[in-house]
Amino acid sequence: MILAPANDESDDARQGAGGPAHGVRHAAIIMDGNGRWAKKRHLPRAAGHKRGVDAVRNTVRAARDLGLEALTLYAFSSENWKRSEEEVSDLMGLLRHFIKKEIDEFIANNVRLLVIGNYKALESDIVEMIDDLMARTAHNDGTTLAIALNYGSQDEIVRAARSLAVKAAAGEIPVDAITDGHLAAELDTASLPPLDLLIRTSGEKRLSNFLLWQSAYAEMYFTDVLWPDFGADDLKAAIDCFVSRERRFGGR
Ligand code: IPE
Ligand code: IPE
Ligand code: MG
């Protein structure tokens, strides 16, 4: 007979009790396909990114309407610096514009903004705007919008491991006592519910260094829709698909 390990965490606790009836407390999206959307229309890539911002606005509204506790959006990866200077500068310009334009709507709608990733390495005016927006929405308890900026999941895990190593070296936690819970608590996503649903647009089927740890038991949803065309109906379709899945968490 194989003895089951002591388990102080029920499936309910793992899945998180409560939340909306459809069961998606936290969805994340790899917003991909802006360049292809523009190319199809013989437009510059920047035009695709611009329309991508409209899709962000619509999707955040839809997430609120659908009762999601958190929506995490992959906006700029730690690898996206490989793009041309012009494209990076276009993306940063759109980010500045987005923050300035959306702040009132976030505050009016009780949205909490969280930025994950090494955003402190961005230009100083953007860092200031982000810190200000996070501080001003910190007490909002509606949907959390987490934006991944200069984000790489491996980098996030390394930063978390370093932080635990510092605590262990200072004698704050014995090395043998370190658990997955301790590591999760050091990740940028520590304040978010467990990830239920991971969506990638544009037909690509890879994670591209996004939420590797957090995706352990997330349901994956891939759609051919290009990000600028994504909207409330597409988010709803992903959630409907999630509802039809059977989550097992290693059980039977
Ligand atoms: C996603 O669209 C936006 C970012 C990565 C910033 P892409 O720019 O990757 O679009 P494709 O993949 O080239 O179509
Ligand atoms: C992932 O998309 C990053 C974001 C959506 C911000 P990419 O377009 O950069 O990913 P790859 O290069 O196709 O893997
Ligand atoms: Mg892409």
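A polar contact here is a pair of N or O atoms within 3.5 Å; within protein, one must be able to donate a hydrogen and the other to accept it, and residues adjacent in sequence count only if both atoms are side-chain atoms. With that in hand, welcome to the close-ups. This is a predicted model, in which local features need pLDDT of at least 70 and side-chain atom pairs count only at pLDDT 80 or more, while totals for chains, interfaces and linings use all residues. Residues are numbered from 1 along each chain as its sequence is written, chains are lettered from A and ligands numbered from 1 in the order in which they are written, and side-chain values use heavy atoms, with hydrogens and water left out.

**View 1. Polar contacts of ligand 1 with Arg83, Arg36 and Gly33.** Start at Arg83, where a polar side-chain atom sits 2.7 Å from an oxygen atom of ligand 1. Arg36 also reaches the ligand, with an N or O atom of its side chain 2.8 Å from a ligand oxygen. Gly33 takes part through its backbone, a polar atom of which is 3.3 Å from an oxygen of ligand 1. Taken alone, ligand 1 exposes 380 Å², and the protein buries 86% of that (accessible areas come from the Shrake-Rupley method with a 1.4 Å probe; for residues, only the protein chains shown count as cover).

**View 2. The shell around ligand 1.** The ligand is surrounded by 13 residues, the closest being Asp32, Gly35, Arg36, Arg45 and Arg83 (a residue is near a molecule or strand if one of its heavy atoms lies within 4 Å of it). Helix H2 (34-40) gives three residues, the most of any element (helices, H or I with at least four residues, and strands, E with at least two, are DSSP runs numbered from the N terminus). By class, the shell has three nonpolar, five polar and five charged residues (Ala, Val, Leu, Ile, Met, Phe, Trp, Tyr, Cys and Pro count as nonpolar, Asp, Glu, Lys and Arg as charged, and the others, Gly among them, as polar).

View 3. Asn80 places a polar side-chain atom 2.9 Å from a ligand oxygen, and for Arg206 the distance is 2.8 Å. On its own, ligand 2 exposes 390 Å², of which the protein buries 77%.

**View 4. Arg159 with Asp155 and Asp188.** Arg159 forms a salt bridge with Asp155, their closest N and O atoms being 3.0 Å apart (a salt bridge is a side-chain nitrogen of Lys or Arg within 4 Å of a carboxyl oxygen of Asp or Glu). Both residues lie in helix H6 (residues 153-169), four residues apart, about one turn of the helix. Arg159 also forms a salt bridge with Asp188, at 2.8 Å. This second pair links distant parts of the chain, with Asp188 in the loop between helix H7 (180-186) and strand S5 (197-200), 29 residues from Arg159.

**View 5. A network of salt bridges.** Asp32, Arg36, Arg200, Glu204 and Arg206 are linked in this network. Within it, the side chains of Glu204 and Arg206 meet at 3.3 Å, N to O. The whole structure has 23 salt bridges.
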